[in-house]
Amino acid sequence: MTTVSETSLQPCFVLHQRDYQNSSRILDVLTRNHGRLALVAKGVRRPTSKGRSLLRQFLPLEVSWVGRGPLFTLTGIDAVPATASLAGLPLLCGFYVNELLLRLVPAADPNPELYDDYGQCLSDLSRDCLGKGLRIFEKRLLEHLGYALNLEYDDSNECAIRSGAYYVFEPDKGPREVNDRGADGYSGGSLLSLATEDLQDERSLADARRLLRAALDVHLGGKPLKSRDVLIAMKKMIA
């Protein structure tokens, strides 16, 4: 006989949900100790369901489930006091972060540090720290996935990155110093600022955004992010 495992009261965020059968939903969740999972929330669409109002994105939860996977059954849900509330542009940024996790993070791969970084990112977004919060999360996400960026050493010239120098950057190789200050290059100061997660000036933030987008696109397989397109369109509307 195959044993059905039961897991109780695990920290969790809902990343996405979709209707399932007549009254249920399938939840894509990020848990702190079990990684990204799919849970069936049975009957949650009924008006009398106690969990209906709790199963929202960006709300910290504790959930319990049963099953052998890959699709588990939700058996319990409790709310945790929330420290972040997202609306407007920060909310769209949150959808972007969730889509990144759904596209890039493998299922059932426990990573408590990634979970904590996600919670910190939501806190940054709630405080309107959008640019810096997103860039730091993107950088750390790549690290958690095993694709850490080399931002402090020029392997081609065998020397440390110099703040006053100019570089081109290849995600799989790192920075290489060049003399031509073209539009596709980065200042050494920007690379070092991203390495230390300082990002205090507009130049460093703009360079970090370009660099991290290029690095993430390598792993997204050329398929665009829907949330990124919405963010770009919204920024054009309010510019």
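Select residues 202–219 to start: this is helix H5, whose 18 residues reach 26 Å from the first C-alpha to the last, close to the 26 Å expected at 1.5 Å a residue. The expected span is 1.5 Å times one less than the number of residues. Helices (H or I, at least four residues) and strands (E, at least two) are DSSP runs, numbered from the N terminus.

This is a predicted model, in which local features need pLDDT of at least 70 and side-chain atom pairs count only at pLDDT 80 or more, while totals for chains, interfaces and linings use all residues. Residues are numbered from 1 along each chain as its sequence is written, and side-chain values use heavy atoms, with hydrogens and water left out.

**Helix H5**

Within H5, colour Ser204, Leu205, Asp207, Ala208, Leu211, Leu212, Ala215 and Leu216, which are buried. Buried means under 20% relative accessible area, exposed over 50%, and partly exposed in between, with a 1.4 Å probe and protein chains only. Looking down the axis of H5, the buried residues fall within an arc of 165 degrees, so they line one face of the helix. The arc is taken from the directions between the helix axis and the C-beta atoms. An α-helix has 3.6 residues a turn, so residues three or four places apart point the same way.

Now show what covers that face: the elements include helix H1 (89–104), helix H3 (130–144), E8, E10 and helix H4 (188–195).

Next, pick leucine 212 in H5. Because its relative accessibility is 0%, leucine 212 counts as buried. Leaving aside neighbours within four places in sequence, leucine 212 is in contact with Arg135, Glu138, Lys139, Leu142, Leu149 and Leu194; contact means heavy atoms within 4.5 Å. The C-alpha atoms of leucine 212 and lysine 139 are separated by 7.0 Å, although the two residues are 73 residues apart along the chain.

Then go to the ends of the helix. At the start of H5, a side-chain oxygen of aspartate 201 comes to within 3.2 Å of the backbone nitrogen of arginine 203. After H5 comes glycine 221, with a positive phi near 65 degrees.

Step back to the loop between H4 and H5 and select leucine 199. Its phi is near 50 degrees, a positive value in a residue other than glycine. Leucine 199 counts as buried, at 3% relative accessibility.

**The sheet E9-E8-E10**

Display the 3 strands that form an open sheet in the order E9-E8-E10, with antiparallel pairing. Two strands pair if DSSP finds at least two bridges between them. The edge strands are E9 (174–177) and E10 (186–187), each of which pairs on one side only.

Strand E8 (residues 166–170) and E10 pair in the antiparallel sense over 2 bridges. To see one of the positions, select tyrosine 167, whose bridge partner in E10 is tyrosine 186. On the E9 side, 4 bridges join E8 to E9, and phenylalanine 169 stands opposite proline 175 in E9. E8 and E9 form a hairpin with 3 residues between them.

**Asparagine 98 and phenylalanine 58**

Move to helix H1 and select asparagine 98. At 1% relative accessibility, asparagine 98 counts as buried. Apart from neighbours within four places in sequence, asparagine 98 is in contact with Val14, Leu15, Gln57, Phe58 and Tyr118.

Follow that list to phenylalanine 58, in the loop between strand E3 (35–41) and E4. Phenylalanine 58 has a positive phi of about 75 degrees although it is not a glycine. It is buried, with a relative accessible area of 9%.

Further along, proline 70 lies in the loop between strand E4 (61–67) and strand E5 (71–79).

**Aromatic pairs**

The structure holds 5 aromatic pairs. Rings of Phe, Tyr and Trp (its six-membered ring) pair if their centres lie within 6.5 Å; planes under 30 degrees apart count as stacked, over 60 as edge-to-face and the rest as tilted.

Select phenylalanine 13 and tyrosine 115: their ring centres are 5.4 Å apart and their planes are at 40 degrees, so the pair is tilted. This pair links distant parts of the chain, with phenylalanine 13 in strand E1 (residues 5–20) and tyrosine 115 in helix H2 (residues 112–126), 102 residues apart. Phenylalanine 13 counts as buried at 8% relative accessibility, and tyrosine 115 is buried with a relative accessible area of 9%.

Notes
A polar contact is a pair of N or O atoms within 3.5 Å; within protein, one must be able to donate a hydrogen and the other to accept it, and residues adjacent in sequence count only if both atoms are side-chain atoms.
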